[in-house]
Amino acid sequence: MDNFFGPAGFGFTQGYGGPRGSFNEYYRCFSAAFLPGKERDSINYGSGIILPQSALAKLTQLNVETPYKFSLTNERTGKTTHGNVLEFLAEEGRAYVPRWMLESLGVQEGELVQIKSTRLPSGKFVKIQPQSTAFLDISDPKAVLERAFRSYLCMTLGDKIAFMYADREYVIEIQELKPANAVNLLDTDLEVDFAPPVGYVEPERKPTPSSAALAGSHTSIRDAVLQHVHVEKSGWDAIPAGQRLNGKALSAVSANHRTMVPREEVTPQLGHGDTPLPLRLPLGQLFFGFEGRPPKKGDGEDDQEAEESKWKGMGAGNVLRNKKGKSKKQ
């Protein structure tokens, strides 16, 4: 295709449906807060800009491809971003743009900005970085971003765009774009990747303690508890050490009478009526019952002989009368 410059400084490109021109104008840009009439805060959460009605006439005359997309450049800083036209109702010489767009360009309210028509490839991939850890509070970020991106027809690498969710403003930075540094988001399947939010700190993972360390900690806890537990003494331990009437010191055997009975031996103590007394064991000792003693061999035979001896010497029994009325001796 042949390129040439037509009248009034507009460039034209021979294309389908007649020659297409390149829209190139300078406007004093203001944020949506300066827009006359009712406040329209929703403009700040999209890529749409508002131009004068004269811009529509020039775009129609130049046969610029729709939907209209523009590059906005701050010639003082060399920064560029991209947007689409939202409406044609601004005053002549003025353009109203989202607040984030002014910040990306680094311009002040009312500063001149070059607005030029452009064509952008369809976006395939974008990587974003939330500018606050509050983004992690969103339960379904994929669905939220899908709805927020409906207001953005253009996206530029390095921009920090904003969206509203649950009455709160969230800002994300465009860190990576494919296939170009500026893409069109209309009628495209966009893959989204996330970078950690600004200020996010990965939680420190503590090493898992070994089994030996756990056993040592349990032992130390048990020892610390036992130092504050009062154990009731029983048996010989409950009897205080005695004193001699003549004032002499006790012998080693008398003073250590507690050691005469081994602590490991537990013998049954019977009370009235052969009822076992309460069993009191030292702390940490378990009782599994007394040792069973099988009966001696032959004990059962002696009892049987004594029973049989009771009936010896008794005569045979007699029946006084049988069924026929006769007596019968057995």
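Reader: What makes β12 and β13 a pair, and in which sense do they run, parallel or antiparallel?

Author: In this predicted model, β12 and β13 are joined over six bridges in the antiparallel sense.

Reader: What lies between β12 and β13 where they form a hairpin?

Author: Two residues stand between the strands of this hairpin, and Ala166, in the turn, has a positive phi of about 55°. Ala166 belongs to the loop between β12 (160–165) and β13, and Asp167 is placed in the loop between β12 and β13 as well. For Asp167 phi is near 60°, again a positive value in a residue other than glycine.

Reader: Why is Ala166 called exposed, and how do you know that Asp167 counts as exposed?

Author: The word exposed is kept for a relative accessible area over 50%. Ala166 has a relative accessibility of 62%, and therefore counts as exposed. Asp167 reaches 78%, so Asp167 counts as exposed too.

Reader: Which strands make up the open sheet, and in what order do they stand?

Author: The open sheet has four strands in the order β12-β13-β10-β15, and its pairing is mixed. Of these, β12 and β15 (191–194) are at the edges, because each has a single partner strand, and one side of each is therefore left without a neighbour in the sheet. From one strand to the next the twist averages 35°.

Reader: How do you know that β10 and β13 pair?

Author: The condition is at least two bridges, and β10 and β13, which run antiparallel, are joined by six. One of the residues involved is Val126, whose bridge partner in β13 is Leu177.

Reader: Which helix lies across strands of this sheet?

Author: Helix α3 (residues 141–148) lies across β10 (125–130), β12, β13 and β15, and runs at about 110° to β12.

Reader: Why is Gln114 called buried?

Author: A residue is buried if its relative accessible area is under 20%. The value for Gln114 is 15%, and so Gln114 is classed as buried. This residue is in strand β9 (residues 111–117).

Reader: Which peptide bond is cis at Pro67, and which one at Pro179?

Author: The bond from Thr66 to Pro67 is cis, with omega near -5°, and Pro67 is found in the loop between α1 (53–61) and β6 (69–74). Lys178 and Pro179 are likewise joined by a cis peptide bond, for which omega is about 15°. Pro179 itself lies in the loop between β13 (168–178) and β14 (182–184).

Reader: What does the chain as a whole contain, and how much of it is buried?

Author: Its secondary structure comes to six helices and 15 strands, and buried residues make up 28% of the 330 residues. Among contacts between residues at least 6 apart in sequence, 69% join residues at least 24 apart. The accessible surface of the chain is about 23700 Å², and 53% of this belongs to carbon and sulfur atoms.

Reader: What is the mean pLDDT of the chain, and where does pLDDT stay under 50?

Author: The mean pLDDT of the chain is 77, with 59% of its residues reaching 70 or more. Over residues 1–17 the pLDDT is below 50, and the model gives this stretch 28 contacts beyond near neighbours in sequence. Residues 257–263 also have pLDDT under 50, and for them the model has eleven contacts beyond four places in sequence.

Technical notes: Residues numbered from 1 in each chain as written. Predicted model: local features only at pLDDT ≥ 70, side-chain atom pairs only at ≥ 80, totals over all residues. Heavy atoms only, no water. Buried < 20%, exposed > 50% of the residue type's maximum accessible area, 1.4 Å probe, protein only. Contact = heavy atoms within 4.5 Å. Areas by Shrake-Rupley, 256 points an atom, 1.4 Å probe, with all protein chains shown as cover. Axes fitted to C-alpha atoms, helices over the stretch in contact; angles between N-to-C directions. pLDDT = per-residue confidence, 0-100.
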